[in-house]
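User: Hi! Could you walk me through this one? I'd like to go over the charged pairs and the helix packing.

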Amino acid sequence: MNISFLTFFLNLLILIITPTQISADTALDFYIKDFYSKSNEASQILKEIETNLKEGSRKKACTRQRKAGRLGLLANKSLIKAFEIEGTKPPIKSIEASQKKWESILNEC
């Protein structure tokens, strides 16, 4: 009985003393995941619109196109924020080109 109690006590003590690592997302991880999720969702919406147009359906095409444009612009903001957090210089030309593309999608319907 004493050995099992001692073993239990030692295991409990080790569990309490050893540090546990919490796998929480950093701010950088948050913005990168946000960028990918929003840009993927926007691209998926545009693919669905394209498929629907090929099938002859224009049902809510403009509304969904505007939603995709807004998501794309929000994705760009998240990407810029991630670069700021990382402390590196973002590829300005690529981001500006992407920004213009999403603004065009948003406004030209």
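**Salt bridges and helix packing**

Analyst: Happy to! K54 forms a salt bridge with E50, and their closest N and O atoms are 3.6 Å apart. Bear in mind that this is a predicted model.

User: Where do K54 and E50 sit relative to each other?

Analyst: Both are in helix 2, four residues apart, so about one helical turn separates them. K54 is exposed, at 68% relative accessible area, while E50 is partly exposed at 43%.

User: How many salt bridges does the structure hold?

Analyst: Three. Another is D34 with K38, where the closest N and O atoms are 2.7 Å apart. D34 and K38 also lie four residues apart in helix 2, and D34 is buried, with a relative accessible area of 15%.

User: And what does E41 pair with?

Analyst: E41 bridges to K67, with the closest N and O atoms 4.0 Å apart. E41 belongs to helix 2 and K67 to helix 3, so this pair ties together parts 26 residues apart in sequence.

User: Switching to helix 4: which residues are buried there?

Analyst: I95, S98, W102, I105 and L106. They cover an arc of only 100° around the axis, which puts them on the same side of helix 4. K93, K100 and N107 are exposed on the other side.

User: What do the buried residues of helix 4 pack against?

Analyst: Helix 2 (27-54) and helix 3 (61-86). For its part, helix 2 packs its buried residues against helix 3 and helix 4; among them are F35, A42 and I49.

User: What follows helix 2?

Analyst: G56, which has a positive phi near 95°.

Notes
Residues are numbered from 1 along each chain as its sequence is written. This is a predicted model: local features need pLDDT of at least 70, side-chain atom pairs count only at pLDDT 80 or more; totals for chains, interfaces and linings use all residues. Side-chain values use heavy atoms; hydrogens and water are left out. Buried means under 20% relative accessible area, exposed over 50%, partly exposed in between (1.4 Å probe, protein chains only). Helices (H or I, at least four residues) and strands (E, at least two) are DSSP runs, numbered from the N terminus. The arc is that of the directions from the helix axis to the C-beta atoms. Contact means heavy atoms within 4.5 Å. A salt bridge is a side-chain nitrogen of Lys or Arg within 4 Å of a carboxyl oxygen of Asp or Glu.
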